[in-house]
Amino acid sequence: MTPMNGRRNKANDVCFANLCLRPKVCGCWKGMGIHMKVIFMGTPDFAVPVLQGLIDAPEHEVTAVITQPDKARGRSGKLVFTPVKELAVSQDIPVYTPQRVKDPEFIKILRDIPCDVIVVVAFGQILSEEILAFPKYGCINVHASLLPRWRGAAPMQWAILEGDKKTGLTTMQMDAGLDTGDMLFTEEVEIDPDETGESLHDRLASLGSGLLLRTLSAVMEGKLHPIPQEEGESTYASMLTKETGRLDLTWDAAKLDRYIRGLNSWPSAFTGYRGKTLKIWKAEVLDRETGEVPGTVVETAKDSFTIQTGRGCLKILEVQLEGKKRMDAGSFLRGVHVEKGERLCI
């Protein structure tokens, strides 16, 4: 390939392009003297943009992808690839799906794969010290919080649930602890007042690739300045379950709103109505007191209904009744006659 605005040096097969659109096809990146072989470990949607960024980067080569095993889905029990595996297969990258990445037999396989660094993004398994130690540059993790705030499995959601004003991403040199390694680079974002778990997930996922590439450039240039975490400032983001979404209507309205937003789209926030589960997808906090028992419907309107909480009121704007589709409150009210004085509770 002869790149745009450039020419090929046939003697050493190096492209002297000002702008090469397909450097890996052209091969010009081989003459740059900066070629890092990367094993990528990741599983869900969040990890996909980071892997794509590595694939597209001319200075890096993804030599293998390690992801969680395929899972059976639906009534048919059909095995489904993880999102990371789907991308890797489409790019003809070797994929491994060990049940336990720490198994000695798999570690032998891992050691035979060309590797300067292992990049880990929401992989879902704990790495052994043997794995952490064998790559030339160790293992680098892209973590979805501003460490040491929110170590653990669900940092994005807990940042919203606890009312944080900002969050972000941290690249970390992994050690044997749970998200305790030295911090390398960070990317900070503000949490919007109407932020949901889903919207924050998408925003941070889009930033992960750039932060990782900046980190790897510093690794290659020997310009890393790792910063130890302050243990006293750490918090733990426990794994989410369906039960996390059970709303206690004696909480104040602001906290209930954070849970509704933070647990959207999974596991979702819910209460009960007339013996059925009622998911609440969107609400608005009202600075209003009625003296009614928390959970009581204090007002109904054409497109919403309002309940009293432990402090303040909550205007319900989008719901999903058990067995029904998700819908705006107006559509729900046209099918269900919600009466003032009724109570939502489980």
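## Glu 195 and its salt bridges

In this predicted model, Glu 195 has a relative accessible area of 2% and is therefore buried. The side chain of Glu 195 meets that of Arg 203 in a salt bridge, with N and O 2.4 Å apart, and Arg 203, at a relative accessible area of 29%, is partly exposed. Asp 192 belongs with Glu 195 and Arg 203 to a network of linked salt bridges.

## Other salt bridges

The count of salt bridges comes to 18. One of them joins Arg 149 to Asp 164, whose closest N and O atoms are 2.7 Å apart. Because Arg 149 lies in the loop between β9 (139–143) and β10 (151–152), and Asp 164 in the loop between α6 (155–161) and β11, the pair ties together parts that are 15 residues apart in sequence. Arg 149 counts as partly exposed at 30% relative accessibility, whereas Asp 164 is buried at 14%.

Arg 100 and Asp 103 also meet through their side chains in a salt bridge, at 2.5 Å from N to O; Arg 100 is partly exposed at 44% relative accessibility, and Asp 103 is partly exposed at 29%.

## The surroundings of Gln 229

Gln 229 is found in the loop between α7 (197–221) and β13 (236–237), and its relative accessibility of 10% means that it counts as buried. A polar atom of the Gln 229 side chain lies 2.9 Å from the backbone oxygen of Asp 179, and the residues that Gln 229 touches include Leu 147, Pro 148, Met 172 and Thr 180.

## A nonpolar surface patch

Leu 178, in the loop between β11 (166–173) and β12 (182–190), counts as partly exposed at 44% relative accessibility. Together with Ile 126 and Tyr 236, Leu 178 forms a nonpolar patch on the surface, with about 330 Å² of accessible area.

Technical notes
Residues are numbered from 1 along each chain as its sequence is written. This is a predicted model: local features need pLDDT of at least 70, side-chain atom pairs count only at pLDDT 80 or more; totals for chains, interfaces and linings use all residues. Side-chain values use heavy atoms; hydrogens and water are left out. Helices (H or I, at least four residues) and strands (E, at least two) are DSSP runs, numbered from the N terminus. Buried means under 20% relative accessible area, exposed over 50%, partly exposed in between (1.4 Å probe, protein chains only). A polar contact is a pair of N or O atoms within 3.5 Å; within protein, one must be able to donate a hydrogen and the other to accept it, and residues adjacent in sequence count only if both atoms are side-chain atoms. Contact means heavy atoms within 4.5 Å. Patches are made of residues with over 30% relative accessible area and no salt bridge: like charges are joined within 9 Å, nonpolar side chains (Val, Leu, Ile, Met, Phe, Trp, Tyr) within 5 Å. Accessible areas come from the Shrake-Rupley method with a 1.4 Å probe; for residues, only the protein chains shown count as cover. A salt bridge is a side-chain nitrogen of Lys or Arg within 4 Å of a carboxyl oxygen of Asp or Glu. Lists of a residue's contacts leave out its neighbours within four places in sequence.
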